Amino acid sequence: MPDQSPLRQLPAIHALLGEPAGQALIDLGGHDLAVEALRLELDNARADLLAGGGLGPAPGHNVLIEAARQRVDSWLAPTLRRVINATGVIIHTNLGRAPLADSALTAMETVGGGYSTLEFDIETGARGHRSTHAAALIQRLTGAEAAFVVNNNASATMLVLAVLAGPTPDHPAGRGVVVSRGQLVEIGGGYRMPDVMSASGARMVEVGTTNRTHLYDYERAINEDTAMLMRVHHSNYAIIGFTSQPALEDLIALGNERGIIVVDDIGSGALFDTTQFGLAPEPHVQDSIEHGIDVVMFSGDKLLGGPQAGIIVGKAEHIERVKRHPLARAVRPDKLALAALTATLTHYLRGDALIEIPVWRMISMPLGTIHETALRWAAELREAGLEADVMPGESTVGGGSLPGETLPTHLLAVTVASEEKAAEQLRALDVPIITRRIEGLILIDPRTVLPRDEDDLIAGLIDGLTS
Ligand SMILES: *Cc1c(COP(=O)(O)O)cnc(C)c1O
């Protein structure tokens, strides 16, 4: 009788591994993961049998191995995956911000696949410093005396505040940083200017009101404890109507007159004039430098179109202090980011950034090209039996730049029974497609679909929306 029990029929792990499918499981995940997955499947099968009074048939070997294979697959599947961004949001924070230029990818491969001059002076054979790699390029581009690269702009801001206004033996509670109430932004991911300020050890001195701050507000707030006047880019929101902020020139003049450092957290870091593409003006790093600012910080992966990085530029005396601070070591960039950043910056110097840097290629993409692409895709989808059309729409820049600003575009619109269900099916594809949607329609903006994504996009739409 016990011999007939399905429990007894459950195989041993080593027996399963000895079968061809078991061998394939080891090839897939290695011995240890294969054993762990099979053990879990056998445990489940045993529990199921016991729950059924030990009567039901035991699962076959192939069923067990297949279930284990799915487990191993899910353990090994990367959660950080490629997706197609069809949303029309160019610098999409949730989808990885700026896609990199080809040259940046090549540089990362070259440097990351082997050894490099990261901290090695090739001429003298002595130890070098990683901060030299992008600095000369940034100085040339922005006109700054000195430049220093860190991990991101959040750490750049934190570091600059800690160094220039943080606690010292003379000022154990930190020194005052005067900032407008209209600029106390929250950027997302829990990054709030007042919190950054207090974490850095600087003391925030708020002036003005939400919509209006005047030069005299800054002036009146200055006392012997003041270390810095700070401007923070509005980033992801706009204040419209009865508003005012002093011009940066005036803030700088006030700082110079009173011997107080003026710092500009410029956020996106545009090196180009955005108005030539019909967008509102974004502050330029070069302008701040030209006006004699002490320090400017900006991101590497927003409008610059490079890798995640924080770039600090300004007067050499301040940048030197920033470099020497212990916190600088904790927020240093890695070699891959430096390789990609350097390659990205060279496009600005060569004058081919609009062609080579994806973010700028997307911003400057001619409307006619977008229209042609949308029409071509619509025809391909119709041929596959989908109901597809082209309609006018709007793209956005995103990434905490140009709030409320849009670029005209042409959208591929696919009619679906349920846009919720369709979006879900498109997210479940091997190469997920992320779209916008309105009632009964899935909307695809060709502006943010990279050339390399095109075939997968069309195949994915057909696959995901016809089934
Ligand atoms: C985006 C942004 C930051 C943070 O930059 P990260 O590179 O994302 O760390 C800080 N300040 C402003 C004004 C920004 O727009």
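**Close-up views of helix packing and a ligand site**

**View 1. Helix α19 against helix α20.** The axes of helix α19 (residues 419-427) and α20 come within 9 Å and cross at roughly 130 degrees, where axes are lines fitted to C-alpha atoms, for helices over the stretch in contact, and angles run from 0 to 180 degrees between N-to-C directions. That makes α19 oblique to α20, because angles under 35 degrees count as roughly parallel, over 145 as roughly antiparallel, 65 to 115 as roughly perpendicular and the rest as oblique. Ala422, Gln425 and Leu426 of α19 make the contact with Gly460, Leu461, Gly464 and Leu465 of α20, contact meaning heavy atoms within 4.5 Å.

This is a predicted model, in which local features need pLDDT of at least 70, side-chain atom pairs count only at pLDDT 80 or more, and totals for chains, interfaces and linings use all residues. Residues are numbered from 1 along each chain as its sequence is written, and side-chain values use heavy atoms, with hydrogens and water left out.

**View 2. Helix α18 against helix α20.** The axes of helix α18 (residues 367-383) and helix α20 (residues 454-466) come within 10 Å and cross at roughly 40 degrees, which makes α18 oblique to α20. On α18 the contact involves Arg376, Trp377, Glu380 and Leu381, and on α20 it involves Glu454, Leu457, Ile458, Leu461 and Ile462.

**View 3. Surroundings of the ligand.** Among the residues that surround the ligand are Arg97, Tyr191, His233 and Lys302, each with a heavy atom within 4 Å of it. A backbone N or O atom of Ala154 lies 2.8 Å from an oxygen atom of the ligand, while a polar side-chain atom of Ser299 lies 2.6 Å from an oxygen atom of the ligand.

Technical notes:
Helices (H or I, at least four residues) and strands (E, at least two) are DSSP runs, numbered from the N terminus. A polar contact is a pair of N or O atoms within 3.5 Å; within protein, one must be able to donate a hydrogen and the other to accept it, and residues adjacent in sequence count only if both atoms are side-chain atoms.
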